[in-house]
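Work through these exercises with the structure in view. Try each task before you read its solution.

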Amino acid sequence: MLASMGVALGLHVLFAMFWVGGMFFAYQCLRPAVAEMPPGDRTALWARVLGNFFRWVLIALPVILASGLWMMMNELPVVPVRVHIMLGIGVVMMLLFLHVYFAPFRRLQRAVAAGDTALAAAQVGTIRKLVAVNLSLGITVVLIATAGRYLLN
């Protein structure tokens with residue numbers, strides 16, 4: 001049992017780190033670095049970068065959810081309130097990501113393929129705002145996961 005909890009926790013943290021860290025990198029590092037690129041080049045780059053990143057997130061979502069639920073099931077009958085908070089925020093994050101992936105990201109890909117730079121730029125803007133929300137939620141979950149044991153009972 002102890003080994004399975006260790007594997008679950010390791011996978012959970014690793015894939016959460018990929019997701020939240022990737023959002024941080026995209027928002028705080030890549031976005032400012034490409035701001036001066038011509039719009040067509042910038043939107044094409046975002047479509048490629050997000051395509052690569054989102055493939056990892058699509059792997060991370062079921063791993064994070066399954067490992068988190070596994071750990072919760074093994075903490076029964078008393079699951080700490082911080083764990084319920086993390087689960088709730090995590091589900092919101094996953095739903096927000098799925099919206100980004102299936103709506104503005106798909107529109108971005110189609111706009112880039114069609115050479116519609118204005119529509120592509122609008123989709124990048126929408127994705128940027130939604131990633132800012134998800135990044136904020138992700139940072140909140142990290143803080144709850146680490147400091148919550150001491151602050152929330």
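Axes here are lines fitted to C-alpha atoms, for helices over the stretch in contact, and angles run from 0 to 180 degrees between N-to-C directions. Keep in mind that this is a predicted model.

**Exercise 1. Describe how α2 and α3 pack, and classify the pair.**

Step 1. Find the helices. Helix α2 covers residues 39-73, and helix α3 covers residues 81-102.

Step 2. Two packed helices are described by the angle between their axes and the distance between the axes.

Step 3. Read both values. The angle is about 160°, and the axes are 11 Å apart.

Step 4. Apply the cut-off. Angles over 145 degrees count as roughly antiparallel. Therefore α2 and α3 are roughly antiparallel to each other.

Step 5. α2 and α3 cross in a left-handed way.

Step 6. List the contact. From α2 come F54, V57, L58, L61, I64, L65, L69 and M72. From α3 come V83, H84, L87, M94, F97, L98, V100 and Y101.

Step 7. Sort these residues. The contact of α2 with α3 has 15 nonpolar residues, one polar and no charged.

**Exercise 2. State the overall make-up of the protein.**

Step 1. Count the elements. The protein has five helices and zero strands. From the N terminus, the order is α-α-α-α-α.

Step 2. Along the principal axes, the C-alpha atoms fill a box of roughly 55 × 25 × 20 Å.

Step 3. Check burial. The protein has 153 residues, and 37% of them count as buried.

Step 4. The accessible surface comes to about 8,700 Å², and 72% of it belongs to carbon and sulfur atoms.

Step 5. Look at contacts along the chain. Take contacts between residues at least 6 apart in sequence: 78% of them join residues at least 24 apart.

**Exercise 3. Is α1 parallel, antiparallel, perpendicular or oblique to α5?**

Step 1. Locate the pair. Helix α1 spans residues 2-34, and helix α5 spans residues 117-151.

Step 2. Read the geometry. The axes of α1 and α5 come within 9 Å and cross at roughly 130°. That angle makes α1 oblique to α5.

Step 3. Note the hand. The crossing of α1 and α5 is left-handed.

Step 4. Name the residues in contact. α1 supplies W19, V20, M23, F24, Y27 and R31. α5 supplies R128, V131, A132, N134, L135, G138 and I139.

Step 5. Sort them. The contact of α1 with α5 has nine nonpolar residues, two polar and two charged.

**Exercise 4. Why does N134 count as buried, and what does N134 touch?**

Step 1. N134 sits in helix α5.

Step 2. Use the cut-off. Buried means under 20% relative accessible area. N134 has 4%, so N134 is buried.

Step 3. Leave aside its neighbours within four places in sequence. N134 is then in contact with W19, M23, M93, L96 and F97.

**Exercise 5. Describe the packing of α4 against α5, then examine Q123 and I127.**

Step 1. Start with the geometry. Helix α4 (residues 104-114) packs on α5 at an angle of about 155°, with the axes 8 Å apart. The two are therefore roughly antiparallel. α4 passes α5 in a left-handed crossing.

Step 2. List both sides. α4 contributes P104, F105, R107, L108, A111 and V112. α5 contributes L119, A120, Q123, V124, T126, I127 and L130.

Step 3. Sort them. The contact of α4 with α5 has ten nonpolar residues, two polar and one charged.

Step 4. Examine Q123. Its relative accessible area is 7%, so Q123 is buried. Not counting residues up to four places away in sequence, Q123 touches P104, R107 and L108.

Step 5. Examine I127. At 3% relative accessibility, I127 is buried. With residues up to four places away not counted, I127 touches L50, V100, P104, F105 and L108. I127 and P104 are 23 residues apart along the chain, and their C-alpha atoms are separated by 6.5 Å.

**Exercise 6. Which residues does F53 touch, and is F53 buried or exposed?**

Step 1. F53 lies in helix α2.

Step 2. Check accessibility. F53 has a relative accessible area of 18%, so F53 is buried.

Step 3. List its contacts. Not counting residues up to four places away in sequence, F53 touches F18, W19, G22 and M23.

Step 4. Compare sequence and space. F53 and M73 are 20 residues apart in sequence and 30 Å apart in space, C-alpha to C-alpha.

Definitions and conventions:
Residues numbered from 1 in each chain as written. Predicted model: local features only at pLDDT ≥ 70, side-chain atom pairs only at ≥ 80, totals over all residues. Heavy atoms only, no water. Helix = DSSP H or I, 4+ residues; strand = E, 2+ residues; numbered from the N terminus. Buried < 20%, exposed > 50% of the residue type's maximum accessible area, 1.4 Å probe, protein only. Contact = heavy atoms within 4.5 Å. Parallel < 35°, antiparallel > 145°, perpendicular 65-115°, else oblique. Left-handed = near helix turned anticlockwise from the far one by under 90°. Nonpolar A, V, L, I, M, F, W, Y, C, P; charged D, E, K, R; others polar. Areas by Shrake-Rupley, 256 points an atom, 1.4 Å probe, with all protein chains shown as cover.
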